[in-house]
Amino acid sequence: MEKITLETAKKLIDAAEKEAANLGVAMVISIVDDGGNMVAVHRMDDAWLASVDIAQNKAWTSVALKMPTAGLAEATVPNAELYGLNTTNNGRIVVFGGGIPLMKDGKVVGAVGASGSAVEHDIKVSEAAVRAFDEL
């Protein structure tokens, strides 16, 4: 698989939505391709409107930096090496968990971003999408 298709994105969103339902939270789930372009975004009933932009930016950040957004939290606090990173790229960089790259043969081919609850839940929902991707 070289490109993230809409069909693939729907499968990942389905897995992520099931995890969100298991957690009892309403989420926005975004899937982007290897260029950070939106393939699909899904807003569950009653999910926060602000989470649409956040989920998309989490996915974009994961592709742009080729890493989970959770890995940026400690490096971006005041006096840390990457302090202020979130002000770059027109503010698109998200420095807390919920964005995870999708990997195939050691390369980033896309990413998932989830937003709508505590960061711990956002991460779990994104991880469900990653597991579904790995099973394809």
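A residue counts here as buried under 20% relative accessible area, as exposed over 50%, and as partly exposed in between (1.4 Å probe, protein chains only). The model is predicted, so to speak of local features takes pLDDT of at least 70 and to count side-chain atom pairs takes pLDDT 80 or more, while totals for chains, interfaces and linings use all residues. Numbering starts from 1 along each chain as its sequence is written, and side-chain values use heavy atoms, with hydrogens and water left out.

Overall, the protein has 3 helices and 4 strands, running α-β-β-α-β-β-α from the N terminus on. Helices (H or I, at least four residues) and strands (E, at least two) are DSSP runs, numbered from the N terminus. Of the 136 residues, 46% come out as buried.

On to the charges: there are 12 positive and 18 negative side chains, with Lys and Arg taken as positive, Asp and Glu as negative, and His and the chain ends not counted. The structure has 5 salt bridges, each a side-chain nitrogen of Lys or Arg within 4 Å of a carboxyl oxygen of Asp or Glu.

One of them pairs lysine 3 with aspartate 34, with 3.2 Å between the closest N and O atoms. Lysine 3 sits in the segment before helix H1 (6-23) and aspartate 34 in the loop between strands E1 (28-33) and E2 (38-43), so this pair ties together parts 31 residues apart in sequence. Aspartate 34 is partly exposed, because its relative accessibility is 37%.

Helix H1 also holds glutamate 7 and lysine 11, 4 residues or about one turn apart, and their side chains form a salt bridge at 3.5 Å, N to O.

Note on methods: The place of a charge is taken as NZ of Lys, CZ of Arg, CG of Asp or CD of Glu.
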